[in-house]
Structures are given as C-alpha cells and as structure tokens.
Amino acid sequence: MWRRVTSLSPFISSSKPSIRNQASYGGKIWELFTTEILTPAKAGISSDEKTPFITFVVGGPGSGKGTQCAKIVETFGFTHISAGELLRREISCNSEHGSMILDSIREGKIVPSEVTVKLIEKEMESSKNNKFLIDGFPRTEENRIAFERVIGAEPNFVLFFHCPEEEMVKRLLSRNEGRVDDNIDTIKKRLEVFTALHLPVIKYYSEKGKLYKINAVGTVDEIFEQVRPVFAVCEATK
Ligand SMILES: Nc1ncnc2c1ncn2[C@@H]1O[C@H](COP(=O)(O)OP(=O)(O)OP(=O)(O)O)[C@@H](O)[C@H]1O
Ligand SMILES: Nc1ccn([C@H]2C[C@H](O)[C@@H](COP(=O)(O)O)O2)c(=O)n1
Ligand SMILES: [Mg+2]
C-alpha cells in the first residue's frame with residue numbers, strides 16, 4: 001500500500017547522467033527533448049517501500065503506450081493505470097459522468113481533470129502495489145496540476161513515446177478494438193488536441209530532467225529494449 005506524500009521534493013541532482021539516448025529521426029518540436037537514463041540517486045528513487053513510485057507514460061494517440069505498458073508490467077511488476085481505460089469503464093457502467101465522458105471521447109476532447117484524477121486516485125488507493133504506470137496522463141497542464149494537487153505527488157519520471165503522425169494514424173486505423181474514437185475524423189481531432197495541449201507538459205518534465213524520450217518506431221520488442229534500461233535502474237535499487 002502506498003502512502004500519500006505531503007510535500008513535493010525535487011528528484012534530480014546535478015550530477016552527470018550515466019547514459020544518454022537521443023531519438024534519431026526527424027520530427028517537430030519534440031526533437032528538443034532528450035532522453036536520459038539517470039543514476040538511481042539522480043532519478044530520486046526512494047528506498048521507502050511505502051512511498052509510491054510513479055511513472056507517467058505519455059505520447060500521441062497510437063504511439064504504443066498501452067502495448068509497452070503491458071511489457072513493463074510483465075517484466076517489472078508495476079500496476080498499470082490507463083486513464084483512457086478508466087474513463088471507458090465509466091461509460092460502460094453508466095456512471096454519473098458516463099455520457100459527458102462519451103461525448104468528450106467521441107469528439108477527441110479531454111475530460112475535465114477533476115474527473116480523471118479522482119478515478120486515478122481511487123485506483124491507486126485500492127492497489128496493494130506501490131509502483132504505478134499511469135498511462136495517457138497527464139494530457140494537459142491542467143491534468144498535471146490537478147494530479148499534484150489531489151495526489152500530492154509528482155512522477156519519479158515520465159516516459160514519452162515519440163512517433164510520427166503517419167505511423168500513429170496507420171496503427172489506430174488498424175487497431176480493431178471497436179473504440180468509438182478510432183475513426184479518421186476523431187483521430188484528426190485527437191492529434192490536434194495532442195499537438196496543442198501536450199507540448200507544455202513535455203516541456204515541463206524535460207526542464208525538470210524527468211523526461212525519457214523513446215523512439216516509438218520499430219517493432220514492439222525493439223522499442224521495449226529502449227524502455228527496459230529506464231526501469232532496470234529502478235530494479236537495481238530494490
Ligand atoms: N511498435 C509497434 N509497431 C506496430 N504496431 C504497434 C506497435 N506498438 C503498438 N502497435 C499497435 O498499434 C495500435 C496502438 O497501440 P497502443 O494501443 O499501444 O497505443 P496507445 O498509445 O496506447 O494508443 P491510445 O492513446 O489511442 O490509447 C495497437 O493495435 C497495437 O497493437
Ligand atoms: N488524461 C486523459 C486521458 C484520456 N482522456 C480521454 C480522451 C482520449 O482521447 C480518450 C482515450 O484515451 P487513450 O486510451 O487514448 O489514452 O480518453 C482524457 O480525457 N484525459
Ligand atoms: Mg492506450
């Protein structure tokens with residue numbers, strides 16, 4: 001079980017990173033952000049079993065966040081909390097916010113942060129684990145600030161899956177899971193929202209030295225080989 005932390009502490013020291021891994025293909029402004037694999041001390045990994053270890057997993061729609069989270073869970077024993085899945089669950093059980101959430105998802109819009117953060121908080125509180133992968137969150141600065149306020153914690157680090165738009169569109173159109181937002185019109189809106197609202201979040205964590213940028217092009221296993229060393233640092237401190 002995790003306990004809530006009451007103050008936010010800086011996790012990053014100024015010593016040199018042990019490994020530096022920069023994505024190698026062209027792109028937009030995302031190119032400004034680097035991936036660094038930090039030493040345990042630099043990554044701020046606590047030896048306190050009760051302090052939650054929080055990783056945010058971000059990236060565009062279809063960049064492969066969910067796919068890689070499944071591999072991280074299998075290999076490193078994290079609890080996977082997908083913000084999108086929690087919201088879809090609210091739709092399926094016709095909850096108080098179900099129809100508002102469905103409308104937002106159909107339109108490719110972001111659900112108000114207070115709703116999403118409350119769902120995440122409930123999942124964290126009911127888990128016996130203290131290592132969390134929070135997938136598809138934060139999508140916006142509003143999401144990020146609401147999490148800090150409600151949960152009283154920051155992520156230990158943030159994994160950013162960087163994928164070209166054409167590849168994301170191709171993957172989403174062939175996902176075939178019956179999602180109401182996997183159609184070309186909604187995908188276009190999701191991409192617009194991603195470009196407009198996600199950049200400040202990426203920039204924020206990059207400046208804090210918490211961002212690990214992963215080149216999300218390649219096979220699932222190739223991509224996981226970039227992800228693995230980030231979590232191996234965490235394992236090494238147990
Ligand atoms: N490296 C890859 N190469 C090709 N296809 C992939 C790769 N990784 C994932 N996929 C496929 O692409 C689709 C989208 O992947 P996934 O659901 O993991 O993305 P996501 O980032 O979680 O998307 P969303 O934000 O919409 O939830 C899935 O059908 C998945 O099987
Ligand atoms: N922080 C979040 C996460 C998700 N949503 C909504 C909007 C997304 O298009 C949809 C699906 O999420 P995904 O499964 O693609 O991660 O859920 C949101 O509003 N806020
Ligand atoms: Mg997903």
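Axes here are lines fitted to C-alpha atoms, for helices over the stretch in contact, and angles run from 0 to 180 degrees between N-to-C directions.

**Entry 1. Ground rules**

I note that this is a predicted model, in which local features need pLDDT of at least 70, side-chain atom pairs count only at pLDDT 80 or more, and totals for chains, interfaces and linings use all residues. Residues are numbered from 1 along each chain as its sequence is written, chains are lettered from A and ligands numbered from 1 in the order in which they are written, and side-chain values use heavy atoms, with hydrogens and water left out.

**Entry 2. The chain as a whole**

I looked up the secondary structure and found nine helices and seven strands in the protein chain. Helices (H or I, at least four residues) and strands (E, at least two) are DSSP runs, numbered from the N terminus. Of the 238 residues, 48% count as buried. Buried means under 20% relative accessible area, exposed over 50%, and partly exposed in between (1.4 Å probe, protein chains only).

The protein chain exposes about 11,500 Å², an area from the Shrake-Rupley method with a 1.4 Å probe; for residues, only the protein chains shown count as cover. Carbon and sulfur atoms supply 53% of that surface. I then took the contacts (heavy atoms within 4.5 Å) between residues at least 6 apart in sequence: 79% of them join residues at least 24 apart.

**Entry 3. Cysteines**

How many disulfides does a search of the whole structure find? I get zero, a disulfide being a pair of cysteine sulfur atoms within 2.5 Å. For cysteine 163, the closest cysteine sulfur is that of cysteine 69, and at 15 Å it is too far for a bond. Cysteine 69 is buried at 0% relative accessibility. Cysteine 163 is also buried, at 7%.

**Entry 4. Helix 6 and helix 8**

I listed the buried residues of helix 6 (residues 141–151) as Asn143, Arg144, Ala146, Phe147, Glu148 and Ile151. Their cover includes strand 3, helix 5 (113–125), strand 5 (131–135) and helix 8 (184–207).

The axes of helix 6 and helix 8 are 8 Å apart, and the packing angle is about 50°. The two helices are therefore oblique to each other. Angles under 35 degrees count as roughly parallel, over 145 as roughly antiparallel, 65 to 115 as roughly perpendicular and the rest as oblique. Helix 6 contributes Glu141, Arg144 and Glu148 to the contact, and helix 8 contributes Leu197, Pro200, Val201, Tyr204 and Tyr205.

I also checked both sides of helix 6. Proline 138 is in the loop between strand 5 and helix 6, and the peptide bond to it from phenylalanine 137 is cis, with omega near 0°. Glycine 152 follows helix 6 and has a positive phi, near 75°.

**Entry 5. Helix 3 and helix 4**

Helix 3 (residues 83–92) packs on helix 4 (residues 98–106) at about 125°, with 8 Å between the axes. This pair is oblique. Leu87, Arg88, Glu90 and Ile91 of helix 3 make the contact with Gly98, Ile101, Leu102 and Ile105 of helix 4.

**Entry 6. Asparagines with positive phi**

Most residues other than glycine have a negative phi, and most peptide bonds are trans. I looked at two asparagines on this account. Asparagine 94, in the loop between helix 3 and helix 4, has phi near 50°. Asparagine 176, in the loop between helix 7 (165–173) and helix 8, has a positive phi of about 60°. Are they buried or exposed? Asparagine 94 is exposed at 67% relative accessibility, and asparagine 176 is exposed at 75%.

Threonine 55 is buried, at 0% relative accessibility.

Glycine 60 is in the loop between strand 3 and helix 2 (65–76). Glycine 60 is buried at 1% relative accessible area. With neighbours within four places again left aside, its contacts are Lys65, Phe161, Met168 and Phe194.
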